[in-house]
Amino acid sequence: MTPKLRRTAVALGVAVALAVTGCSGSDSTTSASAGANGLEKTTIKVGAIPIPDSVSVYIAINKGYFKQEGLTVEPVVIQGGAAAMPQLMSGALDVTLQNYVSGLVAFSKGQKIKLVAEASQGAPNTFNIMVPKDSPIKTVADLKNKTVAVNTFNNIGTLAVETQLKVAGLTKDDIKYKEVPFPEMGNALTNGVADAGWMVEPFITSTQTNQGFRKLADTMTGQTENFPISGWSVTEEWAKKHPKTLAAFQRAVAKALKDVSTDRKELEKALPTYTKIDAKTASVITPLTYPTELTANRLQKVADLLLEYKYIASAIDVKSIIVPAPPAG
Amino acid sequence: MTGARVLRGVAGAAGLVAVGELLIRFVMSDDVIFPAPSTILYEAALLLVDTEFLTGLGTTLTNWALGLLIAIGIAVPLGVLLGALPPVERAIRPVLEFMRPIPSVAIIPLAILLIPVDGLMKVSVIVYACMWPILINTLYGMHDVDPQAKESLRSFGFGPLAVLVRVSLPSAAPFVATGVRIAAGIALILAVSAELIAGGTAGVGVFVLQAGSGNRMDLMMAATFWAGMFGVFANLALLAGERRLFHWHRMRTGAQQS
């Protein structure tokens, strides 16, 4: 019953697609098992972290943008981009959220991945170094010989902190890092486990309002101004095998990114549907920026910074890792 | 007797909650944010009508039950077989002793890489972790069989299979049950840990991940509370089952009425 229904829907979808776009698509009409628009795969699993970075995929789901492309997206909660990498490699996930630092470092080590769409970009006060209210630390230079809490070593957090240390005339050798998960950072700093912490939203807002924390530095300034943070990634093989599915995914995500970049309400509406951030908190946290297009120009900045701070051994031309979005339409 | 015991247990738990409440509200610095037990219990009660959480709980418990059952299906026959064939057991024993102490949580990343189907991966790590206590206990049970009972049966002309079915298996059964009860707790740990590491579409661990990223420590603790409660219930149910089925065993070994 359902397969039959699906086949009808598929046929209808193909017919509509052909009529609308007027494309010749010889392969899309011949294969009966292919989905609407000739997609190689119509149901994909997308790994997303329940944080504001992932919002584009959830907006695209909630507003039916994937459906319009004939694509069913099953969101899978992941713990982090690095943790999801084996799942991407094994095929348990088709697409996953990835912060660009993780992605480029993995790529430089030979992981065959491709970045296919933008997810988020840093905005002022979205990634701050915070200190407890009574902290004697007043400037970044005061961090010398102090301990800074980050959520993960050798990643976006440490890189962002190091760009600020450089401005203050310090390097990472002048401080110590301590790995502390974001939810525990507020208490860890209060208890003196670390002297300062690199935080994201909603933790910046909550430690400020509930524990009186101060902002020591905004790490999205200077070298990291408008810093690309995260994007959607696939394996090279997956991209090669599913070009149409990929293009459909890219189109839908771009639409969602456009919505959220023009209207903050979209973010506030979507957050409670996939995170435990309630509507009230969603309305007060500082939003990230959501550029609609993943461009080599902006991403190259990340790769260059990674080389400068020795996170990667040799330069990466980011054109080799990006799969450009299909022309709009 | 049992009523008094339950009462004492409840009093102990209530006392702990009360002490925790007082410590968090009055002793702990205001700058340290941690949900008080009353907040956690309130949120935990609300979770009972949260369909998302209940779906997750269902997924986790299904993995738990499936993993435990498959582990029983593998480990018990294997234990009986090894127990009945001492030379084979001596050959395999070093391998068992090597693999047994490896923390099962450590194999989750390997399982993620090797098994691309999420549900199968989670059940597999549960099976792996649960096999050891069941297998080892079954082996002990097989060793513990009264040799005189076996000899008697043999001298009456019963074959090896009949001796196994009539003497060895019933005699080893209480040990197997203990192994299963220990494994049930381990299965719960693995079911939630696998979700915490690998994520997923639903599960108690997935819920905790979401709550953590959203800075909802109260929800994290509330979900953890139910995981713990389920562990308590499972243990009690299995213990009651053991008492009922193997009443004679406790009489024989002279175990304390605990």
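Biologist: In this predicted model, how do strand β6 (residues 147-150) and strand β7 (residues 176-179) of chain A run, parallel or antiparallel?

Modeller: Strands of a sheet pair through backbone hydrogen bonds, either parallel or antiparallel. Here β6(A) and β7(A) run parallel, joined by four bridges. Within this pair, A:V150 stands opposite A:E179 of β7(A).

Biologist: Which helix makes a β-α-β unit with β6(A) and β7(A)?

Modeller: Helix α7 (residues 156-167) of chain A does, and the unit is right-handed. The helix α7(A) lies across β5, β6, β7, β8 and β9 of chain A, and runs at about 140 degrees to β6(A).

Biologist: What is the strand order of the sheet that holds β6(A) and β7(A)?

Modeller: The order is β7-β6-β8-β5-β9 in chain A, an open sheet of five strands with mixed pairing. At its edges stand β7 and β9 (214-218) of chain A; each has a single partner strand, so one side of each is left without a neighbour in the sheet. From one strand to the next the twist averages 35 degrees. Helix α9 (residues 203-211) of chain A also packs on this sheet, where it touches β5 and β8 of chain A. The direction of α9(A) makes about 125 degrees with that of β8(A).

Biologist: How does β8(A) pair with β6(A), and how with strand β5 (residues 127-131) of chain A?

Modeller: With β6(A) the pairing is parallel, over two bridges, and A:V148 has A:A196 of β8(A) as its bridge partner. With β5(A) the pairing is antiparallel, over four bridges. There the bridge partner of A:I129 is A:W198 in β8(A).

Biologist: Why is strand β8 (residues 196-200) of chain A described as largely enclosed?

Modeller: A residue counts as buried if 20 or more other C-beta atoms lie within 10 Å of its own. Five of the five residues of β8(A) are buried, so the strand is largely enclosed by the rest of the structure.

Biologist: Which residues of β8(A) lie on each side?

Modeller: In a regular strand the side chains alternate between the two faces of the sheet. In β8(A), one side has A:A196, A:W198 and A:V200, and the other has A:G197 and A:M199. Both faces are covered, with all of these residues buried.

Biologist: What is the order of the strands in the open sheet that contains β10(A)?

Modeller: That sheet has five strands in the order β2-β1-β3-β10-β4 of chain A, with mixed pairing. Its edge strands are β2 (72-77) and β4 (113-121) of chain A, each pairing on one side only. The twist averages 30 degrees from one strand to the next. Seven bridges link β4(A) with strand β10 (residues 228-235) of chain A in the antiparallel sense. One of the facing pairs is A:E118 with A:G231 in β10(A).

Biologist: Turning to chain B, is B:A18 buried or exposed?

Modeller: B:A18 counts as exposed because it has 12 C-beta neighbours inside 10 Å. It lies in helix α1 (residues 2-27) of chain B. Its C-alpha atom is separated by 32 Å from that of B:A194, 176 residues apart along the chain.

Note on methods. Residues are numbered from 1 along each chain as its sequence is written. Chains are lettered from A and ligands numbered from 1 in the order in which they are written. This is a predicted model: local features need pLDDT of at least 70, side-chain atom pairs count only at pLDDT 80 or more; totals for chains, interfaces and linings use all residues. Two strands pair if DSSP finds at least two bridges between them. A crossover is right-handed if, with the strands pointing away from the viewer, the path from the first strand over the helix to the second runs clockwise. Axes are lines fitted to C-alpha atoms, for helices over the stretch in contact, and angles run from 0 to 180 degrees between N-to-C directions. Two residues are in contact if their C-beta atoms, placed from the backbone, lie within 7 Å.
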